[in-house]
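User: I'd like to learn how to read a model like this one, feature by feature. Could you walk me through it?

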Amino acid sequence: MIFYYYFIIFIFGLVFGSFFNVLIYRIPEKKSIVFPSSFCPVCKKSIKWYDNIPLISYILLKGRCRYCKTKISMIYPVVEFLTGILFVTIFMKIGLNLASVIYIFIFSTLLVNSFIDIKTKNLYVKIFILPTIIYLIYNSLFYFKIVEENFILKETLLNFRESIIGFLVGGLFLFAVRFLSNKIMKREGMGEGDIYVSAFIGLFLGYPLIFYVFIIAGILGIVSYLLYYKKIKDPFIPFVPFLSLGSLTVFFIFEILRGLY
Ligand SMILES: [Zn+2]
């Protein structure tokens, strides 16, 4: 029976993933995210609903536009699949409740920005305003005992001090990295957007757990540089994907890490 639920949640994730693709494609181009409906960027023909089914259509069309046969970016099915997996893993960890909705929102924001970062090496800090406010409201509901404790996930909630220090440390640490790399290496070692993403992660994972995120993201960054970015001679490594993966990892072992303090 539980697999049936997982399946439904996965499908739900695929549908959202399909919408996230629209965001990833349109936010950097400053286009409306509602109109017009999806169309092929090359031949401009609008994509029919039956060619827009997450994952399935990509496979049936063998990754090409039905009309002009232009290759469709792998990013589309990858985002859909990862969103499906993300929804299932959060559901597996905390079940279906207000907390899972909040964390799905938070990690979806990070997922969308990770792909925007990969595609454009640019970030849109505005996207983080709403999740920041929602997380603060969510945390206050618990803090001021407005809702029953079992209605939200007590284990993953932080007190305001942890959250605010996490936010400041998250932002300041990457600000320092950026400042020092500008001074020492005379080049931009850290994007401005990364600073806010890191502060945002600090807000919902708190201090000192934000440091585990830095460790994981740092290792992933170095590995990806050595395996890929060094070969294509690109010194600008998108860092948001690694911060996001780091925060997801820390979130999953949150209770264990927090127990250490
Ligand atoms: Zn086309």
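Predicted model: local features only at pLDDT ≥ 70, side-chain atom pairs only at ≥ 80, totals over all residues.

User: What is the phi of Lys 69, and is Lys 69 buried or exposed?

Analyst: Phi of Lys 69 is near 65°, a positive value in a residue other than glycine. Lys 69 has 11 inside 10 Å, so it counts as exposed.

User: Which other loop residue has a positive phi, and where is it found?

Analyst: Lys 121, with phi near 55°, is found in the loop between α4 and α5. Lys 121 has 15 other C-beta atoms within 10 Å, so it is partly exposed.

User: Now helices. How do I read the burial pattern along one?

Analyst: An α-helix has 3.6 residues a turn, so residues three or four places apart point the same way. Take α6, residues 160-184: it has 25 residues and reaches 36 Å from its first C-alpha to its last, close to the 36 Å expected at 1.5 Å a residue. Its buried residues are Glu 162, Ser 163, Gly 166, Phe 167, Gly 170, Gly 171 and Leu 174.

User: What do those buried residues of α6 pack against?

Analyst: They pack against α5 (129-143), α7 (192-205) and α8 (210-229).

User: How does the chain divide into domains?

Analyst: The domain assignment gives domain 1 (1-95) and domain 2 (97-261). Their centres, taken over C-alpha atoms, are separated by 24 Å. Each domain puts 17 residues into the contact. On the side of domain 1 that touches domain 2, α1 (2-26) and α3 (75-94) are the elements giving two or more residues, and α3 gives the most, with ten. By class, that side has 14 nonpolar, two polar and one charged residues.

User: Where does the largest nonpolar core lie?

Analyst: Let's look at who is in it before placing it. The core has 51 residues, and those with the most contacts inside it include Ile 24, Phe 107 and Leu 243. Helix α4 supplies its largest share, eleven residues. Both domain 1 and domain 2 give residues to this core, so it lies between them. Zooming in on Ile 24, and leaving aside its neighbours within four places in sequence, you'll find contacts with Val 79, Val 112, Phe 115, Ile 116 and Lys 119.

User: Last one: which residues does the UniProt annotation "transmembrane region" cover?

Analyst: That unreviewed entry lists several spans, among them 74-92 and 239-257. You can check each against the model. Residues 74-92 are 95% helix and 0% strand, with end C-alpha atoms 27 Å apart. Residues 239-257 are 89% helix and 0% strand, and their end C-alpha atoms lie 23 Å apart.

How values were computed. Residues numbered from 1 in each chain as written. Helix = DSSP H or I, 4+ residues; strand = E, 2+ residues; numbered from the N terminus. Expected span 1.5 Å × (residues − 1). Buried ≥ 20, exposed ≤ 12 C-beta atoms within 10 Å, placed from the backbone. Contact = placed C-beta atoms within 7 Å. Domains from an automatic or database assignment. Nonpolar A, V, L, I, M, F, W, Y, C, P; charged D, E, K, R; others polar. UniProt positions renumbered as here; feature names shortened; annotations may be inferred. Core = buried A, V, L, I, M, F, W, Y, C linked by C-beta atoms within 7 Å.
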